[in-house]
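Let's work through a few exercises together. Keep the sequence and the model open beside you, and try each task before you read its solution.

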Amino acid sequence: FSQIIETVVPVTLVVLMTTAGINIRLSELGALVLRPGLLVALSVSQYLFLPATMLLLAALLDAEMILAITLVAIAAAPGGAFSNIFTLFARGNLELSVLLTTTSTVLSTLASPLVMALSIALLSIDDVDITIGAVAVALDLSLLVLLPLACGVMIARFSKPATVALKRLLPLVCAVAILFTLTLSSMISWPLLSATVLPMVLASI
């Protein structure tokens, strides 16, 4: 299952970001870029308030140390590409979602280790090494996010028939790919999930 996940997830991300690119409105994207204060405020909120909330939740639930640090690690992770397609399905602000996921991924090379280090210090955990490879993050961001996104934008701009066809087809493909990925991930992680369902549900609310 693990090998299948390693193949399916990158392919799914490429499909998701291509779908997002096809549906992006460049005028709206440009307007958001001219409002850097909004991006900064939302990014700071993500890396400050979410981890703090998870620490508080772990304390309220009297969670084990490994669960507490796992909740913080999830909160300190950058926004995923899956959120873009969920935003599209919900008819939300796709352009803002794409900008936030890209910004949070770039910031994660510094912000995530810092948040984790502070959390580990607060939890009094020793002998934990936290490193995030900036080169690996840059490659993943370029190949799995920015390049498919740009391809989607180019398709929408230069091929209207393909755009119409893909707008009908890709959402269904995305839904099936997400369901398949989540099913496999759940099967692999079930021993951990079965013991942590309640805290994870509360963390997602």
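This is a predicted model: local features need pLDDT of at least 70, side-chain atom pairs count only at pLDDT 80 or more; totals for chains, interfaces and linings use all residues.

Residues are numbered from 1 along each chain as its sequence is written, and side-chain values use heavy atoms, with hydrogens and water left out.

**Exercise 1.** Find which residues of the largest nonpolar core touch the most other members.

Step 1: recall the term. A nonpolar core is a set of buried Ala, Val, Leu, Ile, Met, Phe, Trp, Tyr and Cys residues joined through side-chain atoms within 4.5 Å. Buried means under 20% relative accessible area, exposed over 50%, and partly exposed in between, with a 1.4 Å probe and protein chains only.

Step 2: look among the 22 residues of this core; Leu16, Ile24, Ile85, Leu94, Val98 and Leu149 touch the most other members.

Step 3: trace the elements. Two or more residues each come from α1 (2–23), α2 (26–33), α5 (82–89), α6 (94–123), α7 (134–158) and α8 (160–204). Helices here are DSSP runs (H or I, at least four residues), numbered from the N terminus.

Step 4: zoom in on Ile85. Apart from neighbours within four places in sequence, Ile85 contacts Leu16, Thr19, Cys174 and Ile178, where contact means heavy atoms within 4.5 Å.

**Exercise 2.** Work out how α4 is oriented relative to α6.

Step 1: take the geometry. Helix α4 (residues 65–76) packs on α6 at an angle of about 155°, and the axes are 10 Å apart. Axes are lines fitted to C-alpha atoms over the stretch in contact, and angles run from 0 to 180 degrees between N-to-C directions.

Step 2: classify. The angle makes α4 roughly antiparallel to α6, a label for angles over 145 degrees, while under 35 is roughly parallel, 65 to 115 roughly perpendicular and the rest oblique.

Step 3: list the partners. From α4 come Met65, Ala68, Ile69, Val72, Ala73 and Ala76, which meet Ser112, Val115, Met116, Ser119, Ile120 and Leu123 of α6.

**Exercise 3.** Decide whether Arg91 is buried or exposed.

Step 1: locate Arg91, in the loop between α5 and α6.

Step 2: check the backbone. Arg91 has a positive phi of about 60°, although it is not a glycine.

Step 3: conclude. Arg91 counts as exposed because its relative accessibility is 79%.
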